Amino acid sequence: MCKIIANVLLILLPLLAIASSDESDCPTIKLKRQWGGHPSPEISYRPIPVKYVVIHHTVTPECDTFPTCAELLQNMQNYHMQDLKYDDIGYNFLIASDGTVYEGTGWLIIGAHTYGYNTNGTGIAFIGDYTAKLPSAAALTSAKKLLSCGVKTGNLQENYELLGGRQAFPTLSPGITLYNEIQQWDHWIPNPQP
């Protein structure tokens, strides 16, 4: 019974925070059902607010229209679930070149984006390869708005710590150009300790 109450509170508290916050600070988020995502066969909730935000890139083609992005995300979710055996798409959120934010597992559900940071971290992936260039200004702005929204809605700690995927495990993510950019953002930390 206590576990049921705890799970209900995990769902209701962020909704109450959203209702009382200024949603103009939040970017538009396309829900998973809107882009044609499959429901997860197993859902594991996590306690909020979380301490970490991990930035990635998808190393896929970029997308800047809803139909193109929806198809790309459906294919990515299928790859994550069928080939990698994840319960869902790995990222909590993904950001397109036009600045649209797409829900992956969202704020409340554990993702599979960064070993050691999945339960207490939100994984945000920029759709594309950002080794040699930055994401669009619209995408960068949406990411910053998403982070601000996460704090205001109680999903991220006010003193959250930001890192690139490469700081947590051997990967080139989020691409060297984007990695250099996020080092200038508020909350970036040089030496994360999960």
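Which strands does helix 2 (residues 66-83) lie across? In this predicted model, helix 2 lies across strand 1, strand 3 and strand 4, and runs at about 35 degrees to strand 4. Helix 3 (residues 137-152) packs on the sheet as well, touching strand 1, strand 2 (50-57), strand 3, strand 4, strand 5 (121-126) and strand 6. The direction of helix 3 makes about 145 degrees with that of strand 6.

As for the sheet itself, it's an open one of six strands, with mixed pairing and the order 1-4-3-5-2-6. Strand 1 (29-30) and strand 6 (156-164) sit at the edges, each pairing on one side only. Further in, strand 3 (residues 93-95) and strand 4 (residues 101-103) run antiparallel and are joined by three bridges. Within that pairing, Leu94 stands opposite Tyr102 of strand 4.

Stepping back to the whole chain, there are four helices and six strands. Read from the N terminus, these elements follow the pattern α-β-β-α-β-β-β-α-β-α. Take the contacts between residues at least 6 apart in sequence: 74% of them join residues at least 24 apart.

On burial, 46% of the protein's 194 residues count as buried.

How values were computed. Residues are numbered from 1 along each chain as its sequence is written. This is a predicted model: local features need pLDDT of at least 70, side-chain atom pairs count only at pLDDT 80 or more; totals for chains, interfaces and linings use all residues. Side-chain values use heavy atoms; hydrogens and water are left out. Helices (H or I, at least four residues) and strands (E, at least two) are DSSP runs, numbered from the N terminus. Buried means under 20% relative accessible area, exposed over 50%, partly exposed in between (1.4 Å probe, protein chains only). Contact means heavy atoms within 4.5 Å. Two strands pair if DSSP finds at least two bridges between them. Axes are lines fitted to C-alpha atoms, for helices over the stretch in contact, and angles run from 0 to 180 degrees between N-to-C directions.
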